[in-house]
Amino acid sequence: MPKLIIANWKSHKNQDDVKSWVAAYQSARVAHLQQVRIALAPPMVFIPMLAEALDQHPNTALAVQDISPFPAGAYTGAISTENLEGLHIKYAIVGHSERRRYFHETTQEVANKVEQAIKAGITPIVCVDTEYLQTQAAAIHEDYYAQCIIAYEPLSAIGTGVSQSTTEVQEVVEAVKRAFGEVPVIYGGSVSQNNVSEYLSICDGALVASNSLAVSEFVGLLEAAEASVVAAQ
Ligand code: PGA
């Protein structure tokens, strides 16, 4: 199974930055990588531009960083799955700890986002920390578990440059599988080209923010990921 590597740009970058990132990415020949599936999660405003640029790309899909917990309707400022139709969105990150912390998102709202995404054929990437893993699982309808990807993101590792030990990650991967069943589990938190292989040996992919902002760094990480999967075969 190829590993999933997701680039989360958070609220970085302007239009010019995105244009040059994509141009450099296209010429970096990531399309030949066989062992990784890539998803870019740019700020929402850049989704149409990237949808056009990546149309028919063999291994790079699009993800949104968030999604409305409501269907289309009178919800000013929210982006519903209907708004996203035709833009080839494959994944939606939901419940990122920054959404929980700064936007006060609750486990129930995250569960509602999961439902909205799945009903629209978008795979939710549900971010969890150990603190709310159980409550988050309880809030999501069991029927949806098998259609989720769970991202374990320890707060101490996000944006700090201090990634978590693989022993600890392994323990949480097992706890996630006890809570959600046999779902894909990815790890996020200070993943770089130097440590990605360690995480890919114990989980199904990585969620990468800081090291996805510069295209050279991100492509280096993808190549390291590909090489580590090939070496493990
Ligand atoms: P980081 O962030 O890669 O900058 O540590 C990870 C995340 O927030 O998903």
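# A walk through the predicted model

R99 is partly exposed, with a relative accessible area of 23%.

Which residues form salt bridges with R99? One is D66: the two side chains meet with an N to O distance of 3.4 Å. This pair connects distant parts of the chain, since R99 belongs to helix α3, residues 97-102, while D66 is in the loop between β3 (60-64) and β4 (89-94), 33 residues away. D66 is buried, at a relative accessible area of 17%, because the cut-off for that word is under 20%. The other partner to point out is E105, whose closest approach to R99 is 3.1 Å between N and O atoms. E105 is also buried, with a relative accessible area of 9%.

E182 and K177 form a salt bridge through their side chains, at 3.5 Å from N to O. Is E182 buried or exposed? E182 counts as exposed, at 71% relative accessibility, whereas K177 is partly exposed, with a relative accessible area of 24%. Coming back to where we began, salt bridges with shared partners tie D66, R99, E105 and K113 into one network. The count of salt bridges in the model comes to seven.

Now for a charged residue with another story. E226 is in helix α8, which covers residues 215-232. How far from E226 is the nearest side chain of opposite charge? That side chain belongs to R37 and is 7.1 Å away. E226 is therefore left without a salt bridge although it is buried, as a salt bridge requires the nitrogen and oxygen to be within 4 Å. What does the side chain of E226 reach instead? It comes to 3.0 Å from the backbone nitrogen of Q34. If we set aside neighbours within four places in sequence, E226 is in contact with L33, Q34, Q35 and V36.

Next, the inside of the protein. In soluble globular proteins, nonpolar side chains tend to be buried together. How many residues are in the largest nonpolar core here? There are 68, and the ones with the most contacts inside this core are I5, Y25, V126, V176, F180 and F218. Take I5 as an example: beyond residues up to four places away in sequence, I5 touches V36, R37, I38, A39, V196, L200, A206, V208, F218, L221, L222 and A225. Another core, of 14 residues, lies apart from the largest one, and I6, A63, C127 and I149 are among its members.

On to the ligand. The residues around the ligand are K10, H96, E153, A157, I158, G159, G189, S190, L207, V208, A209 and S210. In the side chain of K10, an N or O atom is 2.7 Å from a ligand oxygen. In the side chain of E153, an N or O atom is 2.6 Å from an oxygen of the ligand. A209 uses its backbone: a polar atom there is 2.9 Å from a ligand oxygen.

The C-alpha atoms of S156 and G189 are 7.9 Å apart, although the two residues are separated by 33 residues along the chain. Where is S156? You will find S156 in the loop between β6 (149-152) and α6 (166-180). S156 is exposed, with a relative accessible area of 51%, because over 50% is what that word requires.

Last stop: the backbone. Most residues other than glycine have a negative phi. R29 is not a glycine, yet its phi is about 55°. R29 sits in the loop between α1 (15-27) and β2 (36-41), and at 58% relative accessibility R29 counts as exposed. Q56, again not a glycine, has a positive phi of about 70°. Its place is in the loop between α2 (47-53) and β3, and Q56 counts as exposed at 70% relative accessibility.

Key. Residues are numbered from 1 along each chain as its sequence is written. This is a predicted model: local features need pLDDT of at least 70, side-chain atom pairs count only at pLDDT 80 or more; totals for chains, interfaces and linings use all residues. Side-chain values use heavy atoms; hydrogens and water are left out. Helices (H or I, at least four residues) and strands (E, at least two) are DSSP runs, numbered from the N terminus. Buried means under 20% relative accessible area, exposed over 50%, partly exposed in between (1.4 Å probe, protein chains only). Lys and Arg count as positive and Asp and Glu as negative; His and the chain ends are not counted. A polar contact is a pair of N or O atoms within 3.5 Å; within protein, one must be able to donate a hydrogen and the other to accept it, and residues adjacent in sequence count only if both atoms are side-chain atoms. Contact means heavy atoms within 4.5 Å. A nonpolar core is a set of buried Ala, Val, Leu, Ile, Met, Phe, Trp, Tyr and Cys residues joined through side-chain atoms within 4.5 Å. A residue is near a molecule or strand if one of its heavy atoms lies within 4 Å of it.
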